[in-house]
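Subject: Handing over the structure

Dear colleague,

I am passing this structure on to you, and below it you will find my notes on what turned up when I went through it. Please read them with the structure open beside you.

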Amino acid sequence: MKNKMCKEMYCQFLLAAQGNFTMTAMAETFNTMAHDKINRWTKETKLTPAILWEYSRYLVEKKPGYLICDDTVIEKEFGKDIELTSKHYSPSDGKYVNGINVTSMLWSDGNCHIPTDYRLYAPQLDGKTKNDHFQDMLRSAKDRGIKPKAVLFDSWYASNNNLKTITQHGWTWITELKKNRIVNHEIRLEDTEIPEEGLICHLRGYGWIKVIKRVIKDNHVGYLATNEISFSASDISQGYAERWKVEEYHRGLKQATGVEECQARTGRIQRNHI
């Protein structure tokens with residue numbers, strides 16, 4: 001009896017594969033299934049981010065945990081003719097690389113971290129920025145009944161529009177602000193005296209926040225901020241530390257699932273693979 005191609009079978013192949021994640025390798029693994037059949041399924045099937053929630057919803061407690069957001073680049077060094085690819089800066093490589101940008105959202109209770117949503121950056125197709133995708137995922141999380149202790153993200157996503165969106169959802173946020181952000185009407189953060197216990201100040205274009213100053217490696221000074229002014233300096237720094245979970249998730253995604261190894265040029269196949 002011939003196998004019927006489905007997403008569960010494709011997932012089983014990705015889990016079983018040790019390095020070759022091509023459709024040809026899958027056809028050889030399931031020797032009753034032709035390569036053309038697999039290729040046709042990957043082209044015609046539309047797998048969306050909502051499918052991820054079908055699986056993760058049972059692992060996510062709809063009570064306080066952290067919502068964490070960040071993006072990563074699925075590198076395609078020799079695939080400039082692959083749809084969805086463009087140039088993106090890679091902090092790990094310290095340079096711009098060719099690839100597909102993926103923004104992920106995780107839920108974490110401090111012990112485990114579960115992916116709940118993601119978006120692919122393709123403005124040439126949908127006209128959306130990474131900030132648009134971020135806000136879309138926030139709305140989805142709200143609609144799904146997730147009630148985070150705080151939403152965590154780095155300074156790239158810390159625009160006033162994003163901060164206001166989170167506040168409108170009735171949520172707390174913790175992020176890092178760039179040193180040139182203006183507080184108390186006219187003062188740059190880097191020129192502001194911030195006591196060890198933190199400073200309550202007015203962020204231009206947003207409102208009242210609490211900021212702490214921290215010195216990390218190579219004498220780099222960072223400014224962590226939250227809209228929950230009752231938080232202590234320890235609450236802010238420990239909460240923001242949970243953001244590292246998304247970095248671990250992206251590393252595991254690349255090392256264990258072959259997410260970067262799809263060789264197809266078609267955007268739909270790349271989406272389905274991711």
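Aspartate 154 sits in the loop that lies between strand 5 (150-153) and helix 7 (160-168), where helices (H or I, at least four residues) and strands (E, at least two) are DSSP runs, numbered from the N terminus. Its relative accessibility is 18%, and aspartate 154 therefore counts as buried; buried means under 20% relative accessible area, exposed over 50%, and partly exposed in between, with a 1.4 Å probe and protein chains only. Leaving aside residues up to four places away in sequence, aspartate 154 touches Asp70, Thr175, Glu176, Tyr240 and Arg243, a contact being heavy atoms within 4.5 Å. From aspartate 154 to leucine 177 there are 23 residues in sequence, and the C-alpha to C-alpha distance is 7.9 Å.

Before going further, please keep in mind that this is a predicted model, in which local features need pLDDT of at least 70 and side-chain atom pairs count only at pLDDT 80 or more, while totals for chains, interfaces and linings use all residues. Residues are numbered from 1 along each chain as its sequence is written, and side-chain values use heavy atoms, with hydrogens and water left out.

Leucine 177 belongs to strand 6, from which Trp173, Thr175 and Leu177 point one way and Ile174 and Glu176 the other way, all of them buried.

The term needs some care: on a 1 Å grid over the protein atoms alone, a pocket is an open set of points where a 1.4 Å probe fits, with protein on both sides within 12 Å along at least five of seven lines, and lining residues have an atom within 4 Å of a point. The volume of the largest pocket is about 1400 Å³, a volume being the space filled by probe spheres set on the points, which are joined across faces, edges and corners. Its lining has 12 nonpolar, 9 polar and 16 charged residues, where Ala, Val, Leu, Ile, Met, Phe, Trp, Tyr, Cys and Pro count as nonpolar, Asp, Glu, Lys and Arg as charged, and the others, Gly among them, as polar.

The second largest pocket has a volume of about 890 Å³, and of its 27 lining residues, Cys11, Leu52, Tyr249, Leu253 and Ile274 lie nearest the centre. By class, this lining has 18 nonpolar, 7 polar and 2 charged residues, and helix 1 gives the largest share of it, 5 residues.

Helix 3 (residues 35-44) has Ile38, Trp41 and Thr42 as its buried residues. These lie on the same side of helix 3 because they cover an arc of only 95° around the axis, taken from the directions from the helix axis to the C-beta atoms. Among the elements that cover them are helix 1 (7-16), helix 2 (23-29) and helix 10 (267-273), whereas the face turned away from the buried side carries the exposed residues Asp36 and Glu44.

For the protein as a whole, there are 10 helices and 11 strands, and buried residues make up 49% of the 274 residues.

With best wishes
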